[in-house]
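Me: I would like to go through a structure feature by feature, with the general idea first and the case after it.

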Amino acid sequence: MKLEFKLAGAPAALRALKRSGDKKFVLVPDSALLAAPGGLDLLREAADLCIEKGAGLSIEGVTPCLLPGYTRYLSASRRSLPCPAKERCFLQGACAGIPAAHSGVAAAFKPPARPLTDLEKCMLAVLARKNKITTAQVLKLAKGIKICASCSNEGEVFRAAERLIRMGLVAKEYRGGVYIWTKKTG
Amino acid sequence: MGLTDIRASFPALARKVGGKKLVYLDNACSVLKPRPVIKAVNHYLSALGACAGGRSGHALSAAVEELCHEARAKTAAFVNAASASEIIFTSNTTEGINLAARSFPFTKGKNEVVVTAFDHHSNLLPFLEEQKRGNLKVRIAGLDGGWKLDADRICPLINSRTALVSLPRASNVTGQFFPVEEVAREAHRRGAVVLADAAQYLSTSREDVRAAGIDMLAFSGHKLGAPPGIGALYCRADLMRRLKNFKVGGGTVSDVTLAGGLPEAHYFGDCRRFEAGIQNYAGIIGLGAAIDFLSRTGLGLIKERTAALAASCRRRLAGVEAVELLGPADLPGSPIVSFSFRDRRVFAQDFNLFLNNELPGHVICARCGNHCAIPLHRSRGVKQSLRLSFFVYNTESEIRLFCDALEGYLAGTGGKR
């Protein structure tokens, strides 16, 4: 069953999928669904319905950055445009680019960041407990967080923090001999 | 080779970090890589790329085998081993010491190991693990404080039950050298074997394992300018034959027979027994090239330059009231200078970040922390230290830059830390 999965008709399409006894599904989402808030959640729901039925599944015109975890069900587009964010993309090589059919919503295709390391998660957890704190305070709080146990070499914590700064998640400010660490919001 | 030529041999020195010039003072961690090493590794990766020797008999394999054999012979000559087959290639010093700790033929009556409080964790933890398994008993010299650790403090721990004395050639924190020769004489008199951790020694000092009475010597290639991931363990041939297996697999056996229907392995008696699986050929070839580079540059020149730079740095820092130099007052020949801040409210990590971020034209790479020597720091009441370590390409002006940065930082703290 080949299903045009449009944003406007998504609820009806989901009902049709539930009822269908087909053994293979091809989902073809439209650009509006890919760009709409919550649109990808609907697509994941449709994909999960097919997977739970044990049916074959192929999703057309979707890149791995939009549906992480579903890469094996994505079929490559016949025509793709180069992705402007390719150099920064964590999924180098696993993606042919933005499907030409969705060029109008190219902005929806965002390069995924690599997963955070335990130390990076730890630094964010520290700053979630107490924001705008000194280096010494960061280390004191880090000792009580069990995300990882590799901060015995304290320099590692701040190398992780520097990476978070480059990701735009954390900021540091030098003030009179000490650094103040801040978790960015928004 | 003049300083300009030497510096030109290290392409990383010419790079800028965020538009700022690089000052690299973390050579005890890893030395930057000279062009001949890069060229040799590149040659392996681009023109060869195959495995060595006994496995495949084709042209590429033969070429790799030849280069690896040369590298092994150069490594043996570098430490004055009696034979190339006394060199076991490892991934680093840590693996070499783990190999020694796991393979050493401890017996019930001879199962004590003497180490020191100055040891890097790599020379302490492998023995502590074996102690947990009930295979040996660890005795630690110099835990009771003081920066001087001479033979008088190590030798009393050596007795008839001592199987192995494992000590650093040089401390990775203070840079001081240890009296291996004197300790070896006492160890041998008691029927014990000496393992030296030479990680911090070989880049600036000439080694002669036979003259020093060293039975095993572990070191890392990356501290000599080779790529990371390659190191070596020198082991005297007759001792190597007594070591138990460490890692086994392809390349370690002369034959596997079927005895009564079951496979039985017949291991090589030399270094091949300890080099299981496909090896780090790029690293081995790079190590050979690094040793060539050190020899061409001249270890005498390297030692002279690095010791002079460290002495100058120590003199300058001795005049800074806010810092406390770590180690004995007299450190001849050492390429390392470590210090801590007297005021516990001054946080060394902040100063390290300052060196990386706040200087207008430079980024200074130093090492801050406990340098994998927590027992030494704890037993001397030091929480963190900052370590500067020099190599032949460093300059007096880099020391001045560092000292100016320190002065600026201390002035900027304004006493509100």
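Me: Start with N80(B): how exposed is it?
Reply: N80(B) is partly exposed, because its relative accessible area is 27%; buried means under 20% relative accessible area, exposed over 50%, and partly exposed in between, with a 1.4 Å probe and protein chains only. This is a predicted model, in which local features need pLDDT of at least 70, side-chain atom pairs count only at pLDDT 80 or more, and totals for chains, interfaces and linings use all residues. Residues are numbered from 1 along each chain as its sequence is written, chains are lettered from A and ligands numbered from 1 in the order in which they are written, and side-chain values use heavy atoms, with hydrogens and water left out.

Me: Where is N80(B), and what is its phi?
Reply: Most residues other than glycine have a negative phi. N80(B) has a positive phi near 60° and is found in the loop between α3 and β3 (87-90) of chain B. Helices here are DSSP runs of H or I with at least four residues, and strands are runs of E with at least two, numbered from the N terminus.

Me: How does α4(A) pack with α6(A)?
Reply: Axes are lines fitted to C-alpha atoms, for helices over the stretch in contact, and angles run from 0 to 180 degrees between N-to-C directions. α4(A) and α6(A) (residues 155-166) pack at about 80°, with axes 9 Å apart, so α4(A) is roughly perpendicular to α6(A). Angles of 65 to 115 degrees count as roughly perpendicular, under 35 as roughly parallel, over 145 as roughly antiparallel and the rest as oblique. On α4(A) the contact (heavy atoms within 4.5 Å) is made by L119(A), E120(A), M123(A) and L124(A). The residues of this contact divide into seven nonpolar, no polar and three charged.

Me: At what angle do α1(A) and α3(A) pack?
Reply: Helices α1(A) (residues 10-19) and α3(A) (residues 39-53) pack at about 5°, with their axes 10 Å apart, so α1(A) is roughly parallel to α3(A). Residues in the contact include L14(A) and L17(A) of α1(A), and L42(A) and L49(A) of α3(A).

Me: What should the span of α2(B) be?
Reply: The expected span of a helix is 1.5 Å times one less than its number of residues. The 14 residues of α2(B) (residues 35-48) should span 20 Å, and the end C-alpha atoms are 19 Å apart, which agrees.

Me: Which residues of α2(B) are buried?
Reply: An α-helix has 3.6 residues a turn, so residues three or four places apart point the same way. In α2(B) the buried residues are V37(B), A40(B), V41(B), Y44(B) and L48(B). They pack against α3 (59-78) and α10 of chain B. After α2(B) comes G49(B), with a positive phi near 75°.

Me: How many disulfides are there?
Reply: A disulfide is a covalent bond between the sulfur atoms of two cysteines. With a pair of cysteine sulfur atoms within 2.5 Å as the criterion, the count over all chains is zero. For C29(B), the nearest cysteine sulfur is that of C372(B), 8.8 Å away.

Note on methods. Ala, Val, Leu, Ile, Met, Phe, Trp, Tyr, Cys and Pro count as nonpolar, Asp, Glu, Lys and Arg as charged, and the others, Gly among them, as polar.
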